[in-house]
Structure formats: C-alpha cells, structure tokens
Amino acid sequence: MWSPLHIVRFKGQTPSIRRHAAALLKGCRDANVSNFSHSAGRSIKTCRALVYANHGDPSKVLQLKNVDLPAIGENDVLIKLLAAPINPSDINMIQGTYAILPDLPSIGGNEGVGTVIETGKKVKSLKVGDWVIPRDAGLGTWRTEAVFAEEDVISVPNDIPLLSAATLGVNPCTAFRMLVDFEDLMPGDSIIQNAANSGVGQAVIQIAASRGINTINVVRDRPEFGQLCERLKAIGATHVIKEEALRRPEIKEVFKSCPKPKLALNGVGGKSATELLRHLQTGGSMVTYGGMSRQPVTVPVSALIFKDVKVRGFWVTQWKRDHASDGSLFGVMLDELCSLIRQGKLTAPACTQVALQDFHRALDASMQPFISSKQVLLL
C-alpha cells in the first residue's frame, strides 16, 4: 500500500468531472431499482456505480448505486466501461490518504477501459466503437457507463487483450517513464528494483527485457518464492532475489553476470530502499514511486558523498498533468506500449476478473499481503 501523503483537492476539474460531481450531489438511486431508463434520444440515462460519500475503509464506505448520467454535450462521449482494476492508489483515495482527493460523493477507480457508444456532434478524435482509457486520475471508472469530455479520454487499439487495455494507463506508463527519463540506459546495462512482483515491477521487467536491459528483481520472502521466481523469469527477469540477499555476500554472484545497476526503482521504502542504493553505480539514480512499507527512505551519507547518487521521485499522474498541453507525448508512449503488447513482449499482470456486484470480494482480496493477482472489475 502507498504511504499517506499530503492531501490536495482536484484543481481545474474538467467539465465532465464537474457535471458528474453535480449529478452525484443531487442523489443516487438505490441499486435495486430497475437498471436503466430509456428515451428516444438516448438509450441510457443511469449507470451502476461504486459510490462513496465519506472516506474510510473501502469495504464499508463503497456502495453500489444507480446514478444519473448527465446529458451528452456536443464535446462529450458516452462510454460503456468494460473493465477496471483495483490499484493501491484507488484504495488510498477512498481511505482519504492519497495525494489528491476528489470532491465527495465520488465514484471509485482511476483506471480502466471502455468503448464509445455515442458522441457529441463536435467530437472529432473519437467514433463509436473506439476503446478509450482515462487521460488523468479522478474520472471514476468503477461504473457501467459514463459521460466524459472528449479531452478526458484517449483512444487505444481494440485489438489488444481487454486486461492489457484495462491496466495500461498506470503501471506500464509508470514503468516506461522511469526507464526512459532518469538514466540513459543501453542494451547490456542493469537496473535493480524492489516490489518486482507488483504491476509496475512486472512491466519494468518486460519493457527492460525488450530493450536488452538486465533486471535485478527483489521480492519479499514467501512460501511460494520458487514459483514466483520462475514466473518473473518467464517474462524476462534476469535475476530474482529475496530482500535478505541484498545484505549478504551472495549478492556478489549476481554482479558476475551483469554490471552494477545505473538505476534503482523503489516502490517500498525503508531498509529495502537503502539497500538498493548501496548497489548502485557511482552517479546512478534511485527513483521512488511508492512506499508500501510506510517507512521513510534513508540515504546513507556515503552514497551521496562518495558515489554521488541521485535520489528522485516519480508520480505518473503528475507527469501526465505536466505534459497535458502536448498530448502527443502520452499518445506516443501508449503506441510504443501497445506495440509491445501486440508482439507478446508486454502482458497484463496476473489478474482475477470479478463481477461488479462482487466488489466486496475484490476489495478484500486486493488488500491482502503478498498479493499475487490484480483484481479487475468487469463492468
């Protein structure tokens, strides 16, 4: 789970988010009423959604309700959501501990894929049948339908697997940017990462392997370590080691077959992050993107003085916002990731598909330790 961060509210909300919030504030119908209303102008007037009116334990504050859909404006699209994962950031947002929080009441979920079923008359970039994913966090993807502004979503190919599309916008993008933006990595170079079995970790392994980059992958010890090791190596991991091995002499064996890493990726924090730093090349970078241990990152003075390491942070939501004025950068990244998916070089993490009405089971599973499968709501 991500560590609690300073909280801010969504600023500069898009028209579709403001309309959605206004509709929720008008009230939600109970989930046991008839599913949808019909009219000559549009076949769908309500959607089923996982709504929370207060922050707290997701299993207690989330409710499955029928929610009114706003009218489709001339720059809007009506989306049928198909699948949406449950990520740690989704949980933290509902708990009220994430760095950004939407106005309440709100709909859960920041990632997912849907298909366009109707467009406003001024919509140019999308057509009926296109698959789309959110450009930014906060749209609320745990629902069956939604009206979004054209600018709030971006199209993705509908010839890639559904689960790959549903999990494309957060973890693979995080992995891609960290591999590209911090060090000039060449074939034969090495990186080291903890939380290697996470969604980000698995994407890092596969993207790095496609570029000929060695990965040293650190995971917590567990009863099924041997099976996990085999699974990560099957998707391209060079080495898979337990956290304890970072502090033992046998780590030297790893560096007999690959160079010391230029880049360390930290999703855990605490002692695990400190140990990653110890194995970096002089002048290398450690990038922190998560803090599952809820412990601070401690940087040894010797690493700064004698190895001149760089300690950085990365948040894909901020990257998207920083580059919102040049949407082509996001599109180019998605194109490259989708190309890897088509080539079989980038697959979705292990997923468990759960029907929307069984969301309690999915939430409980997503919050268990040693999670081996991402929970994905089918909508």
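These legends go with a few close-ups of a predicted model. Local features need pLDDT of at least 70 and side-chain atom pairs count only at pLDDT 80 or more, while totals for chains, interfaces and linings use all residues. Residues are numbered from 1 along each chain as its sequence is written, and side-chain values use heavy atoms, with hydrogens and water left out.

**View 1. The largest cavity, at about 90 Å³.** There are three cavities of 30 Å³ or more in the structure. A cavity here is a set of points, on a 1 Å grid over the protein atoms alone, where a 1.4 Å probe fits but cannot get out; points are joined across faces, edges and corners, and volume is the space filled by probe spheres set on them.

**View 2. The lining of the largest cavity.** Its 14 residues (an atom within 4 Å of a point) include T167, P172, T347, A348 and P349, which lie nearest the centre. Two elements, α5 (171–181) and α6 (199–210), each give two or more residues, and α6 gives the most, with four. Helices are DSSP runs of H or I, at least four residues, numbered from the N terminus.

**View 3. α5 packed on α6.** The angle is about 50°, with axes 8 Å apart; axes are lines fitted to C-alpha atoms over the stretch in contact, and angles run from 0 to 180 degrees between N-to-C directions.

**View 4. Who touches whom.** N171, P172, T174, A175, F176, M178 and L179 in α5 meet G199, V200, A203, V204, I207 and A208 in α6, with contact meaning heavy atoms within 4.5 Å.

Terms used
On a 1 Å grid over the protein atoms alone, a cavity is a set of points where a 1.4 Å probe fits but cannot get out, and a pocket is an open set with protein on both sides within 12 Å along at least five of seven lines; lining residues have an atom within 4 Å of a point.
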